[in-house]
Amino acid sequence: MSFQVNKIREDFPILDQLVYKHKLVYFDNAATTQKPRQVIDAVKYYYEHDNCNIHRGVHFLSQRATGVFEDTRSEIKQFINAASPAEIIFTKGTTESINLVAHSFGKKFLSPGDEILISVLEHHSNFVPWQEICKEQGAILKFIPLDNRGDIDMEVYKTLLNEKTRLVAIAHSSNVLGAVNPVAEIIRLAHLQNIPVLVDGAQAIAHLPVDVQKLDCDFYCFSGHKMYAPMGIGVLYGKEKWLEEMPPYQTGGEMIQDVFFDHTTFNELPYKFEAGTPNVEGVYGLREAIHYLQKINMNEFGEYEKQLVDYTLDKFSRIKGLKVIGNPRERAGLISFLLEGIHPYDAGTLIDKMGIAVRTGHHCAMPLMEYLKIPGTIRASYSFYNTFEEIDRLAEALETVKKIVG
Amino acid sequence: MTIKETEEQLISEFSMFEDPLEKDSYLIELGKSLPLIHDEYKAETYLISGCQSRVWLHAEYHDGKIIFTADSDALVPKGIISILVRIFSGHSPDEILNADMDFIDKIGLREHLSPTRSNGLSHMIKQMKLYALAFQAREKLSSSGNQ
């Protein structure tokens with residue numbers, strides 16, 4: 001294996017510990033990834049050297065921290081290939097990014113009878129904000145179904161696009177099934193009818209190279225904490241033409257130009273959408289996370305993660321009674337499955353006692369569970385710091401669970 | 001057997017296991033002896049709210065004592081509720097309300113106690129104590145009505 005996983009693991013101090021006297025196996029990366037020492041150090045560095053409020057301060061520290069903050073915006077622009085740093089809005093995370101668009105876009109462009117189109121596999125964060133804004137504006141939320149494999153049904157999708165559709169919101173890859181959705185084609189088809197598309201990139205950003213101009217998406221949302229950065233920092237990318245037209249999401253400090261007793265004028269992009277003191281430590285961490293991903297080379301670790309998934313599917317095919325949920329054409333870093341006759345909660349609880357962290361339950365996608373008619377799944381989600389030996393341990397643990405419960 | 005005595009008994013049973021996996025396996029075993037709830041009570045009304053597995057709990061009041069029955073579609077929660085049923089069932093509302101819960105720590109089930117943990121122990125205890133509170137109130141009301 002050319003990929004130096006053991007060397008990489010040394011960068012993640014948390015991995016080197018015992019859980020219930022077993023070496024920790026962390027397979028809950030789709031929930032949040034662990035942080036490399038470089039990211040942890042960057043946050044520490046910020047508080048030891050640069051801490052201050054940014055943008056407004058004329059003093060040295062403020063200018064230095066503002067410099068890092070704005071440089072990071074430019075680095076993110078490069079990282080996802082946006083056209084301008086003004087298109088990069090810092091948020092708390094994917095959830096806030098989507099809420100921002102649902103609220104601001106929805107208030108401006110949604111009228112009674114209009115339609116928003118999402119898929120049945122969306123995470124609650126790309127589901128509930130649309131449900132709520134549709135309710136408020138009298139619009140209708142429509143759903144793209146899945147085909148037998150668990151992929152987006154593109155034929156049905158085409159028929160759902162119409163003159164009433166105001167926006168399509170779709171996950172780049174599914175947090176439950178692992179399916180990478182054909183977002184480029186989804187966007188192309190929507191654009192034929194001048195319909196903008198929001199891509200929820202929370203699950204994709206740490207696994208796939210993202211080029212927003214090549215995708216031609218109108219909005220792209222992701223969270224820092226799922227890409228090795230701290231929690232509480234995320235990004236909304238939006239095409240300038242949309243962001244210019246959309247009203248502010250929240251109001252207050254930072255986002256204003258002038259405030260009078262009877263009215264307020266708003267700041268230019270991207271500040272119009274960044275009310276209040278931002279998460280500066282998060283931005284320091286996010287910058288280092290991007291450096292880290294660039295250093296270890298996305299193409300190389302993408303291939304390695306694919307090998308981990310293929311290895312798991314092969315191992316799982318030999319475990320009697322194990323059913324993998326969904327068989328997507330393309331997968332990004334995770335597998336959901338069930339053990340016949342065993343509740344996912346029991347499996348997760350017992351696996352935990354063997355030192356293995358997986359996620360069980362509905363994975364914040366209750367409509368998808370209803371659609372698939374299952375109570376939940378067990379999900380193993382990977383990072384480039386996971387190993388084939390860890391997958392062997394999971395397979396052994398599942399056999400043990402079967403013995404205990406069976 | 002008093003609540004305290006049952007608790008002591010459980011502490012001694014669980015002290016046999018050092019490995020947390022064995023402890024969970026024993027929980028699952030205990031779940032199998034749970035007095036099964038009547039099918040009609042395996043309904044929405046009797047669910048203890050949670051999101052990962054379903055736990056149904058029913059209580060009846062006879063001669064000053066509460067009789068609990070329960071079930072779950074998952075085995076670990078079933079084991080946990082079976083412990084609570086063993087401790088509380090057949091006792092008066094006062095005894096249940098006054099029972100201290102130290103035993104949870106002593107048998108190493110604290111991990112199940114987190115209020116955010118789905119179908120956690122704390123939800124189950126709360127629901128049982130709520131039943132006790134309701135029966136106690138009803139008792140007081142009827143005794144004051146008799147005077």
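## Helix H12 of chain A

The buried residues of H12(A) are A:Pro344, A:Tyr345, A:Asp346, A:Ala347, A:Gly348, A:Thr349, A:Leu350, A:Ile351 and A:Lys353. The model in which they occur is a predicted one. Because nine of the ten residues of this helix (residues 344–353) are buried, the rest of the structure largely encloses it. After H12(A) comes A:Gly355, with a positive phi near 85°.

## Domains of chain A

Chain A is divided into two parts: domain 1 comprises 5–30 + 297–405, and domain 2 comprises 40–294. Their C-alpha centres lie 28 Å apart. Across the boundary, 37 residues of domain 1 of chain A are in contact with 31 residues of domain 2 of chain A.

Helix H4 of chain A (residues 94–109) contains A:Glu96. This residue is buried but forms no salt bridge. The nearest side chain of opposite charge belongs to A:Lys92, 4.7 Å away; a salt bridge would require a separation within 4 Å. Leaving aside residues up to four places away in sequence, A:Glu96 touches A:Thr91, A:Tyr249 and A:Gln250.

Helix H14 of chain A (residues 388–405) packs against helix H2 of chain B (residues 20–31) at an angle of about 35°. The axes of these two helices are 10 Å apart.

On the H14(A) side the contact involves A:Thr400, A:Ile404 and A:Val405, which meet B:Leu21, B:Ser25 and B:Ile28 of H2(B). Of the residues in this contact, four are nonpolar, two are polar and none is charged.

Definitions and conventions:
Residues numbered from 1 in each chain as written. Chains lettered and ligands numbered in written order. Predicted model: local features only at pLDDT ≥ 70, side-chain atom pairs only at ≥ 80, totals over all residues. Heavy atoms only, no water. Helix = DSSP H or I, 4+ residues; strand = E, 2+ residues; numbered from the N terminus. Buried < 20%, exposed > 50% of the residue type's maximum accessible area, 1.4 Å probe, protein only. Lys, Arg positive; Asp, Glu negative; His and termini not counted. Contact = heavy atoms within 4.5 Å. Axes fitted to C-alpha atoms, helices over the stretch in contact; angles between N-to-C directions. Nonpolar A, V, L, I, M, F, W, Y, C, P; charged D, E, K, R; others polar. Domains from an automatic or database assignment.
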